[in-house]
Amino acid sequence: MKYRKMGSLDWEVSALGFGCMRLPSRRFNRLRADAKESIRIIRRGIDLGINYIDTAWPYHFGESERIVGQALQDGYRERVHLVTKLPMFAVRRTEDFDRFLNAQMAKLQTDHLDAYLLHSMNRGQFEKVKRLGLMEKMEEAREQGRIRHMGFSFHDTLPVFTEIVDHYDWDLAQIQYNYMDTAIQATTDGLSYAHSKGIAVVVMEPLKGGRLADPPEEALEIMRSATHERSPVDWALQFLWNRPEVAVVLSGMGSQQMVDENCASADRSGIGSLSAQDEQVISRLAEVYRKRLLVPCTACRYCLPCPAGVNIPQNFAILNNVSMEDSRLQRWMARRGYKRLSGSKEELDKERANGNASLCVQCRQCVEKCPQEIDIPTELTKVHAILGRGAKIADHYEQR
Ligand code: SF4
Ligand code: SF4
């Protein structure tokens with residue numbers, strides 16, 4: 001494992017952090033985490049040198065923190081920097097701060113967090129932080145030793161990002177960044193700005209919700225033309241580690257294979273390790289993806305549950321798969337995924353949302369929960385037109 005500087009903190013942080021949002025799921029209920037297997041692979045990652053563990057209140061519907069707490073027994077807690085986040089979407093009153101923090105420490109079986117982040121900050125949540133005096137609550141918790149360092153995770157635009165960065169002397173900022181998302185969300189300028197202020201920048205969504213791990217043939221051809229042979233995942237990760245502004249890259253790993261491969265990539269990582277030709281390859285890859293990706297969904301599941309039972313990320317994943325595939329056979333197979341979703345209320349699975357886009361009743365409850373600012377009901381209308389009624393992609397999206 002390679003270790004990196006963590007902003008102004010005196011941490012030697014592993015280049016790779018374990019993001020606990022996409023832990024292995026149970027065989028018969030993919031929404032729920034498989035605790036035993038999750039604990040095994042988290043410990044495997046720590047044994048391979050990972051020393052940064054990231055979780056949050058809503059991950060795996062509240063199970064992630066509990067599982068992480070179990071994984072960090074038997075001496076593992078002392079080997080890592082443990083980070084979780086205040087669920088801003090659920091905070092209504094100032095007192096909620098202590099209620100959540102205490103509950104989270106209990107679930108994580110720890111008497112302190114190495115860092116505590118305000119989760120998914122945007123313009124609205126930032127106003128709430130000021131209105132409820134949450135920075136004062138963070139400081140109080142730090143003085144009491146319950147949290148060691150303070151930060152925020154972010155989903156909004158650059159002006160909001162710089163405003164939040166300037167608001168406080170933060171230790172950490174967690175941003176969405178990957179070779180496709182250099183000009184949206186915090187952007188490269190935001191990354192550089194936070195770094196210039198001594199803030200440790202933690203990168204999430206390095207693979208854009210897994211999308212960059214599964215490239216279309218056109219992108220694979222570009223990768224094959226490069227002088228270095230790398231896997232699609234390795235290209236995406238090395239792009240990030242190449243930058244001095246990035247402290248730690250979080251990967252949501254759901255299997256031992258992912259842990260082993262990502263740790264091997266981290267072993268090969270280094271600032272400035274990519275050649276000019278490598279960087280050109282990455283620019284060309286980004287172009288291919290931008291042209292083909294129709295809905296920028298990262299499968300974070302924050303929008304769920306939908307009261308009408310629509311499996312929102314699954315609908316978007318199927319549409320993106322159809323758009324990404326080159327061969328007619330593969331497109332046909334991707335389209336079949338839509339037929340497997342339920343198109344009527346009567347057939348809905350009560351446990352697992354499995355509704356297709358036609359079930360959306362346009363209530364818009366999901367819209368403000370989406371960190372990617374996707375107009376979900378509008379996009380679902382297009383999904384059903386294309387996948388349910390056979391309309392052409394080009395009739396609904398300019399890219400094609
Ligand atoms: S707008 Fe549609 S997808 Fe969103 S919560 Fe309402 S019914 Fe579900
Ligand atoms: S639609 Fe938005 S909130 Fe829902 S899974 Fe996709 S990115 Fe996440």
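This is a predicted model: local features need pLDDT of at least 70, side-chain atom pairs count only at pLDDT 80 or more; totals for chains, interfaces and linings use all residues.

Biologist: How is the protein divided?
Modeller: Into domain 1, residues 3–292, and domain 2, residues 312–395. Their C-alpha centres lie 27 Å apart.

Biologist: How many residues are in contact between the two?
Modeller: On the domain 1 side 15 residues, and on the domain 2 side 12. The area buried between domain 1 and domain 2 is about 1100 Å², with 39% of that from carbon and sulfur atoms.

Biologist: Which three residues of domain 1 supply more of its buried area than any other three?
Modeller: His155, Arg211 and Arg292, which supply 47% of what domain 1 buries against domain 2.

Biologist: Which element gives the largest share of the side of domain 1 that touches domain 2?
Modeller: Strand 5, with three residues. Helix 8 (217–224) and helix 11 (276–292) each supply at least two. By class, that side of domain 1 has six charged, five polar and four nonpolar residues.

Biologist: Changing topic, which residues come nearest to ligand 2?
Modeller: Cys297, Cys300, Arg301, Cys303 and Cys370, out of 14 residues around ligand 2.

Biologist: And what is that shell like by class?
Modeller: The shell around ligand 2 has 11 nonpolar residues, two polar and one charged.

Biologist: Which helix gives the most to it?
Modeller: Helix 12, residues 312–324, gives three residues to the shell around ligand 2.

Note on methods:
Residues are numbered from 1 along each chain as its sequence is written. Chains are lettered from A and ligands numbered from 1 in the order in which they are written. Side-chain values use heavy atoms; hydrogens and water are left out. A residue is near a molecule or strand if one of its heavy atoms lies within 4 Å of it. Helices (H or I, at least four residues) and strands (E, at least two) are DSSP runs, numbered from the N terminus. Ala, Val, Leu, Ile, Met, Phe, Trp, Tyr, Cys and Pro count as nonpolar, Asp, Glu, Lys and Arg as charged, and the others, Gly among them, as polar. Domain bounds come from an automatic or database domain assignment. Contact means heavy atoms within 4.5 Å. Buried area is the accessible area (1.4 Å probe) that two parts lose on being put together, summed over both.
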